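Colleague: I'd like to go through this model with you and hear where the labels come from. Can you put it up?

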Amino acid sequence: MSVRTRSGGLLASVVLLATSAAAENFDFEVGVTYNRTQLDAEQTIATNGGSIFNSNDIDTDAWSLFGSWYFAGLSDDNGPRARAAFVDRASVLNVGYARTDVSASTSVVSTDPLIPSFESSFDSDGDAYTLDLRYVWGDSGWFANGGVASTDTTIGGLVGSSVDSTVWRVGAGKYLFDTTTLALDVSQADDDGGDATNIAVQFSHLGDIGENWQYAVDLGYARTDADFDLEFDTWSAALSLYPNRDFEFGVGIAETDADFAALDSTSYEGFASWFVTPSVVLAARYRIDDVGYLGNVVIPSAETSRDADQDSISFGITVRF
């Protein structure tokens, strides 16, 4: 039985299980998400001896399973159902598993006698496990975040290898008003290729538009310091609209500035979710990335032109009970 067939059966079973659940107070949440990402990148380098054309094509398929336990309960009596945990100030324990399969091909066509042409391809797969906790002191509005993620990636090709990574995260925040929060998180990534520290600030606000519509604004800034003296600044913003309690749609943008300009990137996304019942939600997301690209051959003093685009689409279903 194929992965797609098994996953389709799982989705159908989850929907059938949830159709009878119509209560608006919940303790648990489970879900599955599929994501498909495609990267097409090209680079042309002009040298004294000729020219070098680089290209990379990378396809990524990822399945994610997750579960949440709202150990003090979750009510969606107020506000959009998609923001129930935010409005209800719910404390939650999250666990997750993700399986990622990558297929990549590389090509270098060179007329420079010093740089040989070549083609190669490789496949990789990885497993990721996550555990996150958010605890909210409802009366005061203070909350604490913490989590750990572990990833094991196996890379094929002429010489196979394995990369392990562990990320831990701690943070705190506060409800400034009933539906307005400000949070600070610090995370540390340790893997076989180096370490990185990330400090992130997140602001979220949910408000009203007229008598029926609501909106949410999410703003973020993150500073990443990695090995090899690499530093990144990432700014993000998202606007979500709610014409009613069951439907959400919105847009987002994120921009990363790096010390090394070739690593800069800008992302644009659109997303939507629909609560088919108070306990079943379907979600979709589409993102376009204008990503940085170093290429397969780097000659710092040469004239270089680059073009790298990435797009991803994801679908998911989540059930509360």
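Modeller: Helices (H or I, at least four residues) and strands (E, at least two) are DSSP runs, numbered from the N terminus. Residues are numbered from 1 along each chain as its sequence is written. It's a predicted model, so local features need pLDDT of at least 70 and side-chain atom pairs 80 or more, while totals for chains, interfaces and linings use all residues.

Colleague: What makes Arg-89 part of a loop?

Modeller: Arg-89 sits between α2 (84–87) and β3 (92–110). Arg-89 also has a positive phi of about 55 degrees, although it is not a glycine. Overall, there are 2 helices and 14 strands.

Colleague: Why is Glu-42 called partly exposed?

Modeller: Its relative accessible area is 41%. Glu-42 lies in strand β1.

Colleague: Which residues gather in the patch of negative charge on the surface?

Modeller: Asp-40, Glu-42, Asp-57, Asp-290, Asp-307 and Asp-309. The elements giving two or more residues to that patch are β1 (25–47) and β14 (303–320).

Colleague: How much of the protein is buried?

Modeller: Buried residues make up 36% of the 321 residues.

Technical notes:
Heavy atoms only, no water. Patch = residues over 30% accessible without salt bridge, like charges linked within 9 Å, V, L, I, M, F, W, Y side chains within 5 Å. Areas by Shrake-Rupley, 256 points an atom, 1.4 Å probe, with all protein chains shown as cover. Salt bridge = Lys/Arg side-chain N within 4 Å of Asp/Glu carboxyl O. Lys, Arg positive; Asp, Glu negative; His and termini not counted. Charge placed at Lys NZ, Arg CZ, Asp CG, Glu CD. Buried < 20%, exposed > 50% of the residue type's maximum accessible area, 1.4 Å probe, protein only.
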